[in-house]
Each structure stands twice: as structure tokens, then as C-alpha cells.
Amino acid sequence: MPEFRRSTFFPNKATLTEENLPDQRGKVFIVTGGNSGIGKELVKILYQHNARVYIATRSKERADEAIADIKASYPRSQGQLLFLRLVLDDLSTIKEAANQFLSQETRLDVLWNNAGVMLPPEGSKTVQGYELQLGVNSIAHFLFVKLLTPLILETAKTTARNTVRVVWVSSMSADFVPNPCVNFENMDYHIPEDNMTKYNRSKSGNLMHAAEFQRRYPDSGVVSVSLNPGLLKTPIGKNFGSAQKLSVMLFGHHPKFGAYTELFAGLDPSIGPNDKWVTPFGKKEPARADIVDPGLNRKYWEWCEEQVKPFL
């Protein structure tokens, strides 16, 4: 059932930051939505420590602006920043993005599924006709991960166990999603639901995917984990109502703190295959039990597989 977590509004102190992150030279990362908000803050930290980072996003122009800004801020870095065009509201484009990456790289150490949309105008849909939040936040990232999974598994064979990871960025909203968090009889929302509930359902999908990926690849050496980055002052909240805006004003933090949560999930050595949920700004906590129910997770994964089958 919906629950309040103290760590959402009174987060733990970050233990992994740009100050103590080890050198990331030789590692290859992808950050979806890495040109702005939390994603850009994460890319900054990774680049400072000499990583090769792909910023996967729709706009080359915006990615190039972010790349120029980050490079100017850290001129001594020996890392690399690259643009990867990823259009998450159109499933027909995602294989091309994955193939572009695969044509350039022979490893993928961490994939951060960071991009997302929140509270778009009512009726907003993807090119394929899915409700936009469901389509972008959950289904599209599922397809992207599925296309990159063979390389992720291969990378894990040649690196230290549990260091290769898939990070599914969820939200505090996952704790407030209705139970059950998926209504398989209403995936097209022919029975109306409010926009916030749709968002909550889409973000619980990230947690379900994280848990089910781990269940399907238990001995791979890959860690699949989800997280709540925190209550943050980012552009994703531009459509908030007055009460939500007040909460952000009172309790919201700079986006870099959300990046610390993502950094912890992706690179902290304490994270292992039994860890499903990370809270702000880097603490392992139990996930809501009904969301990570194995039977539900399997059913949701299989439903998503049916949706993306034409685009594999």
C-alpha cells in the first residue's frame, strides 16, 4: 500500500560524490536524458573522473550545448562525451540508437535509464499510441535495455562481479502508486485515471523491470537496481500543482543530489544483486513488496515484450 518514507523528505547524506569517486578511466557509460537536470549533473561527475559517457537524448543541438558546457568546466578531464540520438516517444527509432552504440563500443559498464516525462498535457501519446508517460518512462527504456542486454552480459564476463549495472531511475512516486500498481485491463487508459496516477504507474514500471531483469539473469554478474533520486528542483516539475510546487520549494534539492543517488546505485561497491531500491541520496532500503512481487513482475515484463516485439 502507499507509504511515506522519511528518506524522501529528509534524505540521507550522500556517501559517493565527485569528491571521492575513483577514477573511471576505461569504462563506458550511457545516461539517457544526460543533457539536462539530474542526468547532466551525473554526466559532469562521470566526465570529471575520466569516463567515456554517451548522452542519449533526442536533440543533438541540446546535447552539444551540454557537452561544450561540461568540457569547459572540466578542461583537465581525459574522459570523452558523445551524443547518441535516442527518441523515446517513438519505438521505431530505438533499435537504430542501440545499433549506433553497438557499432562504436565493445563494452557497456553502466546504463542509467534516467530520462523521463512527467505530467504532460492530458491525452499526450507516443507515436505508437501509448500514454506518453507509460510509453517513454517504461516501455521505451525496456526496449533500449533489451537491445543492449547482450553487450551488458558480455561486459560482465570480463569485469569484477557486480560492477556492470543497469540502473532504472524511478521516483518517489513509486511509493504512492495504487495497489495493484498495474491494471492490465486498462493499459490504454480507456477507463480514465488522473495524470499523477499514470505517472506513478509508469515509474513503478521501472522498479518492476529492475527486479525482473535481476531474476532473469541471476548469475550474470550484472546488477539491476532501481531508485528514487529524491525531491529535486528540476524542469520535470514544471507542470506541478500548487501543493507539489510548495513541497519542492520547502524540501527540494539541487539536481546534483539526485545525481548522487544515481551515482550510488550505479557505482557504489556495496550494491549487489539483492538490492532493489535506493533512496536519496544513496541508501539501500527495501522496495515496496507488492511492486516487486515476482508474479506481477514476470507478467509486466511479458506484456512489455509483446509491445516491443515489432521493434526488435
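Biologist: Which element gives the largest share of the lining of the largest cavity?

Modeller: That share, 3 residues, comes from helix 6 (helices, H or I, have at least four residues and strands, E, at least two, as DSSP runs numbered from the N terminus). This is a predicted model, in which local features need pLDDT of at least 70 and side-chain atom pairs count only at pLDDT 80 or more, while totals for chains, interfaces and linings use all residues. Residues are numbered from 1 along each chain as its sequence is written, and side-chain values use heavy atoms, without hydrogens and water.

Biologist: Why does Met196 count as partly exposed?

Modeller: Met196 lies in helix 6. Buried means under 20% relative accessible area and exposed over 50%, with partly exposed in between (1.4 Å probe, protein chains only). Met196 has 22% relative accessibility, so the residue counts as partly exposed. The C-alpha atoms of Met196 and Ser270 are separated by 33 Å, although these residues are 74 apart along the chain.

Biologist: What makes a set of residues a nonpolar core, and which members touch the most others in the largest one?

Modeller: A nonpolar core consists of buried Ala, Val, Leu, Ile, Met, Phe, Trp, Tyr and Cys residues joined through side-chain atoms within 4.5 Å. The largest has 56 residues, and those touching the most other members are Ile30, Ile94, Phe101, Phe144, Leu148, Tyr300 and Trp303. Helix 5 gives the largest share of this core, 14 residues. Apart from it lies another core of 35 residues, including Leu42 and Val223.

Biologist: How do you know that the chain is as compact as a globular protein of its length?

Modeller: The protein chain has 9 helices and 8 strands. Its radius of gyration is 18 Å, close to the 20 Å that the globule rule gives for 312 residues, so the chain is as compact as a globular protein of that length. The radius is taken over C-alpha atoms, and the rule is 2.2 Å times the number of residues to the power 0.38. Buried residues make up 59% of the 312.
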